[in-house]
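User: I would like to go through this model carefully, with the criterion behind each term stated once. Please take the structure below as the starting point.

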Amino acid sequence: MAILTSSIARKVAMALSGLFLVIFLAQHFIINFTSVLDPETFNSLSHFMGHNFVVQFIAQPILIIGVIFHFVMGIILEIRNRSARQISYKSYKGNKNSSWASRNMIISGAVILAFLGLHFYDFWFPEIVHKYVESHPVDETRYYTELLQKFESPVRTGLYSLSFVLLALHLWHGFSSSFQSMGWNNKYSKALQGFTKFYAIFIPLGFIFIAIYLHLNQ
Amino acid sequence: MKLTLKIWRQKNSKAKGELKTYPIDGIEGDMSFLEMLDVLNEELINKGEEPVVFDHDCREGICGACSLQINGEPHGPDRLVTTCQLHMRMFNDGDTIVIEPFRAKAFPVIKDLVVDRTSFERIQQAGGYVSVNTSGNTIDANAIPVNKQDADDSFNAATCIGCGACVAACKNASAMLFTAAKVSQFALLPQGKVEATERVLNMVAQMDKEGFGNCTNTGACEIECPKGISLENIARMNREYLSASLKG
């Protein structure tokens with residue numbers, strides 16, 4: 001099954017899983033941003049996301065599989081690519097022909113992976129324990145308070161912000177690159193590239209803004 | 001011009017190579033990079049030393065024989081030129097120039113700066129052709145109308161000289177730009193459409209078999225390509241490959 005194992009198939013798989021995560025990121029940002037605009041809206045949206053059957057038992061597992069797939073495939077590709085040049089150059093000027101972001105997706109990806117570990121530790125695991133292990137009564141107003149508590153620490157706020165900078169670099173190359181991988185390179189590509197670059201800055205910057213806003217509004 | 005050359009010397013494919021330093025003087029700005037190496041080799045021969053082995057043929061930038069990673073870039077710091085067309089005026093008096101062979105698992109070093117690029121030929125043999133009847137009743141290619149844009153894009157793809165700079169520049173040692181150019185030059189023409197499905201599947205399979213890395217769209221290949229082969233060709237090959245795979 002060459003379609004599943006060829007280099008192009010792997011590129012397309014990375015592109016599709018990446019685009020799926022890009023869409024998820026936008027949705028996550030919109031919900032988070034409501035915490036700045038109106039805590040009540042944030043609470044009700046968070047409650048909906050945490051208790052809706054489709055979100056919890058269909059969308060969430062797909063998302064987790066998508067994240068794991070993207071990371072595992074990224075690591076497999078990195079290992080294969082490194083083995084394609086066993087003796088490295090004594091002098092190699094990658095900065096003359098390509099961007100740092102494009103050459104170091106594995107580094108930005110690794111930081112994002114580490115961030116996800118922290119993020120799961122902060123939000124996902126406590127939520128699972130709260131709902132399914134300790135079986136607390138339903139409280140639709142707890143989400144904003146819990147969110148504020150997480151951003152009390154300046155270290156945590158700093159770590160989150162730093163991770164979003166790396167996310168911006170990852171998106172800077174990855175978002176537009178995914179269209180090229182799927183064979184999309186035509187007269188609309190320039191406009192699309194402009195949009196992807198805007199997205200790569202706007203969304204992470206928005207997340208940083210939310211983190212700092214919550215830290216300062218304790 | 002006085003220069004210090006640091007050149008990769010390796011006796012054979014199995015030997016361990018190393019960078020050796022050679023001071024050189026009297027280099028003119030109008031000399032090509034290969035002429036500068038000729039001067040060095042003459043000096044080495046006169047001293048009874050082994051000359052530096054490097055690939056070259058036409059010295060007009062059209063054959064794809066010359067290679068060399070010069071100061072960290074394939075074909076050196078100039079753009080849209082091969083090493084044979086790179087002039088020494090691109091360097092300054094007193095510069096140190098590091099000269100290495102193109103590096104990739106699929107381009108093993110034969111000796112010094114010469115690498116085995118027959119992996120490219122095997123990719124071509126896997127499908128980089130159009131089967132035509134040559135028994136005397138061949139139809140003139142001009143008899144088939146071709147859209148101007150397609151003809152231009154096909155011609156541009158066909159200007160790939162197969163030098164391997166794309167592989168050398170790519171951090172993943174990927175041969176996607178070369179393979180894409182060879183797929184594109186036929187995919188855009190009516191004569192090439194008949195074998196399009198087998199062509200792209202077989203050429204990509206051979207490319208993977210040779211041990212080249214995966215493309216991660218850094219764009220380094222396009223920047224360093226002496227013929228300016230565009231990344232659009234890679235997107236086209238990806239489309240061709242996906243549609244060929246779905247056809248079976």
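User: How many residues of chain A are in contact with how many residues of chain B?

Analyst: This is a predicted model, in which local features need pLDDT of at least 70 and side-chain atom pairs count only at pLDDT 80 or more, whereas totals for chains, interfaces and linings use all residues. Residues are numbered from 1 along each chain as its sequence is written, and chains are lettered from A and ligands numbered from 1 in the order in which they are written. With contact taken to mean that the C-beta atoms of two residues, placed from the backbone, lie within 7 Å, the interface joins 36 residues of chain A to 40 residues of chain B.

User: Which helix of chain A supplies the largest share of the side that touches chain B?

Analyst: Helices (H or I, at least four residues) and strands (E, at least two) are DSSP runs, numbered from the N terminus. At least two residues of that side are supplied by each of helix H1 (2-5), helix H2 (7-37), helix H4 (53-83), helix H5 (100-103) and helix H8 (154-181) of chain A. The largest share, five residues, comes from H2(A).

User: How do the residues of the side of chain A that touches chain B divide by class?

Analyst: In this classification Ala, Val, Leu, Ile, Met, Phe, Trp, Tyr, Cys and Pro count as nonpolar, Asp, Glu, Lys and Arg as charged, and the others, Gly among them, as polar. On that basis, the side of chain A that touches chain B divides into 12 nonpolar, 16 polar and eight charged residues.

User: What does the secondary structure of chain A come to?

Analyst: From the N terminus on, the elements of chain A run α-α-α-α-α-α-α-α-α, and its C-alpha atoms fill a box of roughly 60 × 40 × 40 Å, taken along the principal axes. The secondary structure comes to nine helices and zero strands.

User: What separates the centres of domain 1 and domain 2 of chain B?

Analyst: Chain B is divided into domain 1 (3-111) and domain 2 (118-247), with bounds that come from an automatic or database domain assignment. In the contact between them, 18 residues of domain 1 of chain B meet 16 residues of domain 2 of chain B, and the domain 1 side has nine nonpolar, six polar and three charged residues. Taken over C-alpha atoms, the separation of the two centres is 29 Å.

User: What is the strand order of the open sheet of five strands in chain B?

Analyst: Two strands pair if DSSP finds at least two bridges between them. E1(B) and E2(B) pair in the antiparallel sense over seven bridges, whereas strand E1 (residues 3-9) and strand E5 (residues 96-100) of chain B pair in the parallel sense over four bridges. Strand E3 (residues 69-70) of chain B pairs with E5(B) in the antiparallel sense over two bridges, and E3(B) and E4(B) likewise pair in the antiparallel sense over two bridges. The pairing is mixed, and the order is E2-E1-E5-E3-E4 (chain B).

User: Which residue of E5(B) stands opposite B:Lys6?

Analyst: In E2(B), the residue opposite B:Lys6 is B:Thr21. In E5(B), the residue opposite B:Lys6 is B:Val98.

User: How is H5(B) oriented relative to H7(B)?

Analyst: Axes here are lines fitted to C-alpha atoms, for helices over the stretch in contact, and angles run from 0 to 180 degrees between N-to-C directions. Helix H5 (residues 176-187) and helix H7 (residues 196-209) of chain B pack at an angle of about 175°, with their axes 10 Å apart. Because angles under 35 degrees count as roughly parallel, over 145 as roughly antiparallel, 65 to 115 as roughly perpendicular and the rest as oblique, H5(B) is, relative to H7(B), roughly antiparallel.

User: How many nonpolar, polar and charged residues has the contact of H5(B) with H7(B)?

Analyst: The residues that make this contact include B:Val183 and B:Phe186 of H5(B) and B:Val200 and B:Met203 of H7(B). By class, the contact has eight nonpolar, one polar and two charged residues.
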